[in-house]
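Subject: Structure handover

Hi there,

Here is the structure I promised to pass on. My notes follow below it, so please have a look when you find a moment.

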Amino acid sequence: MKINIDRDSAVPIHRQVRDALEQAVFSGALQVGASLPSVRDLAGMAGIAQMTVSKVYAELKGAGVIETRAGSRTYVADGPLARMAAQGVLRDLQAGADALIDTALNLGLSAEVLSTVLATRIAARQHLGPRKRVVMVGLFSEATDRYAASIAAQIGDLARVQATTVEQITADPALRQDVEAADLVLTFATLGAELAGLIPAARLVAIRFIPS
């Protein structure tokens, strides 16, 4: 396999190697049971020190991404990363990443600045854990979007808020299941009974707004 090292990047070389290997597993390019090059061979192909490759392999083995079998051969493990690859999770993550990159490029940000922003944000979020998911359900798309934005502004980093309508939930069974699985579903008191029939397992809370 080929790993391209950017020696001008602020990202440490060992991190570039680890990222490349994890990406190969997560994308499905390296599947469960696939053999990885030896420490010496990978170091030679990438033009880096064997100690760097040994460190990366040790980290990936500790994370359950790879495993070492008899004869000191290294293989892709049947771990969480490989299983997520098999489930197609990468597609959704790439779509979100592409949207973020597009926004950064439109703002004129460099790759280094974007990487710094992401690293800083990840560090700030780690102690919070995964955010809860709140869905705001209304009658009209534009108005519901505005209500969801208002709620999101109040909640801050504690949760992400999505918006949808009763009509959309009724017409799309997949969306209905997705909304029902949310941590919290908000709607207006006048829609509570209807939604309770559509998504009976949802954590449904009726709220009131005073238009301004």
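The model is predicted, so local features need pLDDT of at least 70 and side-chain atom pairs count only at pLDDT 80 or more, while totals for chains, interfaces and linings use all residues. Residues are numbered from 1 along each chain as its sequence is written, and side-chain values use heavy atoms, with hydrogens and water left out.

**Overall build**

The protein chain holds 10 helices and 7 strands; these are DSSP runs numbered from the N terminus (helices H or I, at least four residues; strands E, at least two). Its radius of gyration is 23 Å, well over the 17 Å that the globule rule gives for 212 residues, so the chain is more spread out than a compact globule. That radius is taken over C-alpha atoms, and the globule rule is 2.2 Å times the number of residues to the power 0.38. Along the principal axes, the C-alpha atoms fill a box of roughly 70 × 40 × 30 Å. Of the 212 residues, 29% are buried.

**Salt bridges**

Side chains of opposite charge can pair when their charged atoms come close. The rule used here asks for a side-chain nitrogen of Lys or Arg within 4 Å of a carboxyl oxygen of Asp or Glu, and the count comes to 6 salt bridges.

Back to Arg18: its partner is Glu59, with the closest N and O atoms 3.2 Å apart. Arg18 lies in helix 1 and Glu59 in helix 3 (residues 50-62), so this pair ties together parts that are 41 residues apart in sequence. Glu59 is partly exposed, at 25% relative accessibility.

Arg15 and Asp19 also form a salt bridge, at 2.9 Å from N to O. These two are 4 residues apart in helix 1 (residues 13-27), which means about one helical turn separates them. Asp19 is partly exposed at 33%, and Arg15 is partly exposed at 33%. Arg15, Arg18, Asp19, Glu22 and Glu59 are linked in a network of salt bridges.

Elsewhere, Asp178 meets Arg133 in a salt bridge of 3.2 Å, N to O. Asp178 belongs to helix 9 (residues 173-180) and Arg133 to strand 4, so the pair joins parts 45 residues apart in sequence. Arg133 is buried at 11%, whereas Asp178 is partly exposed at 34%.

**Strands 4 and 5**

Strand 4 (residues 132-138) pairs with strand 5 (residues 159-165) in the parallel sense over 7 bridges; pairing requires at least two DSSP bridges between the strands. Between them the chain passes through helix 7 (residues 141-155), and this β-α-β crossover is right-handed. Right-handed here means that, with the strands pointing away from the viewer, the path from the first strand over the helix to the second runs clockwise. Gly138 stands opposite Thr165 in strand 5.

**One surface spot**

Leu107 lies in the loop between helix 5 (89-106) and helix 6 (111-125), and is exposed at 64% relative accessible area.

Happy browsing!

Terms used:
Buried means under 20% relative accessible area, exposed over 50%, partly exposed in between (1.4 Å probe, protein chains only).
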